[in-house]
Amino acid sequence: MNALLKAACLAAYGLALAGHAGLLPPGLAGTMQNIALVLLVIHALEVIFMFKHVRLYRGSLAVSILLTLLFGLLHWKPLADEQKRAAGR
């Protein structure tokens with residue numbers, strides 16, 4: 001399920017880019033660009049407010065921020081759940 005939702009996020013961004021390149025009809029292009037913009041704004045807010053979970057990523061912090069901007073809670077929520085399980089042991 002998580003992979004399907006991540007694919008949907010990537011599809012929204014891809015369609016927005018295709019619309020920006022003129023590959024989609026103007027009405028659809030504008031709609032997809034608005035959807036992608038809303039997703040990015042929401043995910044940017046998630047980076048700010050959920051930073052304590054974003055920084056739990058084992059790789060680079062920059063990569064974790066990028067993944068959160070792309071996928072939002074689909075990235076940081078599993079990290080938070082893993083920390084909660086580890087604390088409960």
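A residue counts as buried when its relative accessible area is under 20%, as exposed when that area is over 50%, and as partly exposed in between. This scale is used throughout the following report, which concerns a predicted model.

**Salt bridges**

The count of salt bridges in the model comes to 2. One of them joins arginine 58 to glutamate 82, whose closest N and O atoms are 2.9 Å apart. The two partners come from distant parts of the chain, since arginine 58 sits in the loop between α3 (51–54) and α4 (61–71), while glutamate 82 belongs to helix α5 (residues 73–87), 24 residues apart. Arginine 58 has a relative accessibility of 73% and therefore counts as exposed, whereas glutamate 82, with 34%, counts as partly exposed.

In the other pair, the side chains of aspartate 81 and lysine 77 meet with a distance of 2.8 Å from N to O. Both residues lie in helix α5, and because they are 4 residues apart there, about one helical turn separates them. Aspartate 81 counts as partly exposed at 26% relative accessibility, and lysine 77 is also partly exposed, with a relative accessible area of 37%.

The two pairs are set out below.

| Salt bridge | N to O distance |
|---|---|
| Arginine 58 and glutamate 82 | 2.9 Å |
| Aspartate 81 and lysine 77 | 2.8 Å |

**The packing of α1 and α2**

Two packed helices are described by the angle between their axes and by the distance between those axes. Helix α1 (residues 2–20) packs with helix α2 (residues 26–49) at an angle of about 130°, and their axes are 8 Å apart.

Tyrosine 13, which is found in helix α1, counts as buried because its relative accessibility is 10%. Leaving out residues up to four places away in sequence, tyrosine 13 touches Ala36, Leu39, Leu40, His43, Leu69 and Leu70. Leucine 69 is 56 residues away from tyrosine 13 along the chain, yet the C-alpha atoms of the two are separated by 11 Å.

Histidine 53 lies in helix α3 and, with a relative accessibility of 13%, also counts as buried. When its neighbours within four places in sequence are left aside, histidine 53 is in contact with Trp76, Leu79, Ala80 and Gln83.

Leucine 73 lies in helix α5 and is partly exposed, with a relative accessible area of 46%. Not counting residues up to four places away in sequence, leucine 73 touches Glu46 and Pro78. Between leucine 73 and histidine 43 there are 7.9 Å in space, from C-alpha to C-alpha, although the two are 30 residues apart in sequence.

Terms used:
Residues are numbered from 1 along each chain as its sequence is written. This is a predicted model: local features need pLDDT of at least 70, side-chain atom pairs count only at pLDDT 80 or more; totals for chains, interfaces and linings use all residues. Side-chain values use heavy atoms; hydrogens and water are left out. Axes are lines fitted to C-alpha atoms, for helices over the stretch in contact, and angles run from 0 to 180 degrees between N-to-C directions. Helices (H or I, at least four residues) and strands (E, at least two) are DSSP runs, numbered from the N terminus. A salt bridge is a side-chain nitrogen of Lys or Arg within 4 Å of a carboxyl oxygen of Asp or Glu. Buried means under 20% relative accessible area, exposed over 50%, partly exposed in between (1.4 Å probe, protein chains only). Contact means heavy atoms within 4.5 Å.
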